[in-house]
Amino acid sequence: CCSCADGFGSSLPWPISLCCAASGAPPAPAPGIVAVPRPVSRPSGPSPGKVPRRPALHLARMPERRVIILGSTGSIGTQTLDVISRLNQPSPRFRVVGLASGSNAPLLLEQAERFGVPHLALASGDTSLPSHALTGPDAALRLVRRVECDLVVASMVGAAGLPATLAAIELGRDVALANKETLVAAGELVIPAAVRSGSRLLPID
């Protein structure tokens, strides 16, 4: 290999390769054999210029948001329920816990059955509702105060839903406003109440 082969030739009692291994020198190739260099080992990892693949993220399931809809039988209310129905596929994201209507009891009952809503409020009209349903001019207000929720959709026409909307804000619940009357008629009350309670006002129309 080196000094071993030069000094002793073939008279060594052990293979030259062992001598070279002990000395750290590479063994000389045998006659007629071409030495093939060993491949250079590269550090593990992505090649230069190649973006490494990120591992798949496993998102934790978000808890359902409890929703009360004031004016559920109106155009905005029915559209809101349709949107919730689509957003709840394939896994539930929103749970409707309360519905309030002005006078359309048949549609209110139909919505409650479709979405499994346990708490109902009707301001006037047909009173053939379940015994636990709230009725009367202040039914929506009592619904908001009694039923725990995370979001109140205020879609009642005019100022009819103002007391219930203001109560939701004072309780610190997020409020999705579908009409301008709330801010026009009672902006001086609504805005300071939202600042105090931390309620978020979210325009949806």
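Modeller: A residue is termed buried under 20% relative accessible area, exposed over 50% and partly exposed in between, with a 1.4 Å probe and protein chains only. The model is a predicted one, in which local features need pLDDT of at least 70, side-chain atom pairs count only at pLDDT 80 or more, and totals for chains, interfaces and linings use all residues. Residues are numbered from 1 along each chain as its sequence is written, and side-chain values use heavy atoms, leaving out hydrogens and water.

Biologist: Why is Arg114 called exposed?

Modeller: Arg114 has a relative accessible area of 53%. The criterion for exposed is over 50%, and therefore Arg114 is exposed.

Biologist: What is Arg114 in contact with, beyond its neighbours within four places in sequence?

Modeller: Contact means heavy atoms within 4.5 Å, and on that basis Arg114 touches Asp82 and Ser85. Arg114 belongs to helix α4; helices are DSSP runs of H or I with at least four residues, strands are runs of E with at least two, and both are numbered from the N terminus.

Biologist: What makes the strands a sheet, and which of them are at the edges?

Modeller: Two strands pair if DSSP finds at least two bridges between them. In total, 7 strands form an open sheet with parallel pairing, in the order β4-β3-β2-β1-β5-β6-β7. The edge strands are β4 (134–135) and β7 (201–203), since each pairs on one side only. Helix α4 (residues 105–115) packs on this sheet and touches β2 and β3.

Biologist: Which residues of helix α5 are buried, and what do they pack against?

Modeller: In α5 (residues 139–146), the buried residues are Ala139, Ala140, Leu141, Leu143 and Val144. They pack against β1 (65–70), β2, β3, β4 and α6 (162–170).

Biologist: How many cavities of 30 Å³ or more does the structure hold, and what lines the largest?

Modeller: On a 1 Å grid over the protein atoms alone, a cavity is a set of points where a 1.4 Å probe fits but cannot get out, and lining residues have an atom within 4 Å of a point. The structure holds 1 cavity of 30 Å³ or more, and the largest cavity contains about 40 Å³ of space. Its lining residues include Leu70, Met156, Asn179 and Thr182.

Definitions and conventions:
Axes are lines fitted to C-alpha atoms, for helices over the stretch in contact, and angles run from 0 to 180 degrees between N-to-C directions. On a 1 Å grid over the protein atoms alone, a cavity is a set of points where a 1.4 Å probe fits but cannot get out, and a pocket is an open set with protein on both sides within 12 Å along at least five of seven lines; lining residues have an atom within 4 Å of a point. Grid points are joined across faces, edges and corners, and a volume is the space filled by probe spheres set on the points.
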